[in-house]
Amino acid sequence: CRDFHPATFHQLAWRTFPGCNCNRETGMPRTTLTPSHIAALRPRARAYDIRDGKLPGFGIRIMASGAKRYFIHSQTQGKRVWQIVGDADSLDVDEARSRATTMQAALRRGAQTPSSDGDVLFETVAETAFRRHERLWKAGTLKVNSSHLDNQIPPRFRGCPIAEIGHADVRRWFASLRATPDRSLPVLSVIMREAERMGLRPEGSNPCRGIRRIRRKGRERFLTEDEIRRLTISSGL
C-alpha cells in the first residue's frame, strides 16, 4: 500500500473488485472474499494483504511466491494478534472464514486457539532462515552466527510461537546480554525477517526494530618487551 496514494489505490481496488471498500487511512482494499476473487489475485514483487469485508480482522495474504494464506489480525485484550488460519490451497474461503470466527472467539475468551500455522515455533523458523542464508554468508560469518543461535538466543525463545514474540520480549532478552556485547541481535533480526517472508508475521513487524545494538569497543594494549625489540629490529632503528 505504501507504493500508492490511498485514492489511487482505492480506484485500483475498485476496478479489480467491483464494490470494494478501502480503509481510508491505509488504502488497504476490503471486499467480501469469494473463490473467484481469490483465484484472480496475482503475486507482486512484495507480499500484500486483502481484508475481508464480511468478517472484520480476517483476510488473505498473497506472497511474492504466489502462495496465498488466510489470516486473522486484530486487537484482543489490548494486544495485537496475528495468526495464520490456513493455506488457500487447502481451505476454501467459507471454511477459512468459519475457522477464523472460531479463532477470534477463542481469543476473546482468553482460550487457546485451534492449532494453525500461527503456532509455528521459533526454532523451526530459525532452522529455515539458516538454511536459506548459509549459501549467502561466508564460512566465518556462518560459524559465528551459528554460535549465537546455539548459545544466546534459544534459551529465551525456544518453544515460543514465532508470531507471539513481541518488541518487549526482545528488549528484555537483549537487556540480559548487556554485559556481553555480541551479534545476537542481528541474528535474531534475520530470523524475524524470515518469519515475515514465510507469511508467519505481519510485514514490517520485526520486533528487533528500534533496539540499539551494542558495539564492541576497541581494547587498549601495551607492547611487550619482545614485541618492542622485534619492531625496533624490523624498522632498522
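**Helix packing, rings and burial in a predicted model**

Trainee: At what angle do helix 7 (residues 167-175) and helix 8 (residues 184-197) pack?

Mentor: Good place to start, and keep in mind that this is a predicted model. The axes of helix 7 and helix 8 lie 11 Å apart. The angle at which the two helices pack is about 155°.

Trainee: Are helix 7 and helix 8 roughly parallel or roughly antiparallel to each other?

Mentor: Take the angle of about 155° between them and recall that angles over 145 degrees count as roughly antiparallel. Helix 7 also passes helix 8 in a right-handed crossing. The angle therefore makes the relation of helix 7 to helix 8 roughly antiparallel.

Trainee: Which residues form one aromatic cluster with W173 and F174?

Mentor: W173 and F174 are both buried. Their aromatic cluster takes in two further residues, F122 and F157.

Trainee: Is D49 buried or exposed?

Mentor: D49 belongs to strand 3, which spans residues 48-52. The side chain of D49 makes a polar contact of 2.9 Å with that of R61. The relative accessible area of D49 is 13%, and the cut-off for burial is under 20%, so D49 is buried.

Trainee: How far from the ring centre of Y48 is the charged end of R44?

Mentor: Here a charge sits over a ring, with R44 supplying the charge and Y48 the ring. The distance from the charged end of R44 to the centre of the Y48 ring is 3.7 Å.

Trainee: What is the C-alpha to C-alpha distance between S184 and N145?

Mentor: S184 lies in helix 8 and counts as buried because its relative accessibility is 0%. Along the sequence, S184 and N145 are 39 residues apart. In space, their C-alpha to C-alpha distance is 7.6 Å.

Trainee: And what separation do the C-alpha atoms of G210 and R171 have?

Mentor: G210 is in the loop between helix 8 and helix 9 (225-235). With a relative accessible area of 69%, G210 is exposed. G210 and R171 are 39 residues apart along the chain, and their C-alpha atoms are separated by 9.5 Å.

Definitions and conventions. Residues numbered from 1 in each chain as written. Predicted model: local features only at pLDDT ≥ 70, side-chain atom pairs only at ≥ 80, totals over all residues. Heavy atoms only, no water. Buried < 20%, exposed > 50% of the residue type's maximum accessible area, 1.4 Å probe, protein only. Phe/Tyr/Trp six-rings, centres within 6.5 Å; stacked < 30°, edge-to-face > 60°. Lys NZ or Arg CZ within 6 Å of the ring centre and 35° of its normal. Helix = DSSP H or I, 4+ residues; strand = E, 2+ residues; numbered from the N terminus. Polar contact = N/O pair within 3.5 Å; in protein donor to acceptor, adjacent residues only side chain to side chain. Axes fitted to C-alpha atoms, helices over the stretch in contact; angles between N-to-C directions. Parallel < 35°, antiparallel > 145°, perpendicular 65-115°, else oblique. Left-handed = near helix turned anticlockwise from the far one by under 90°.
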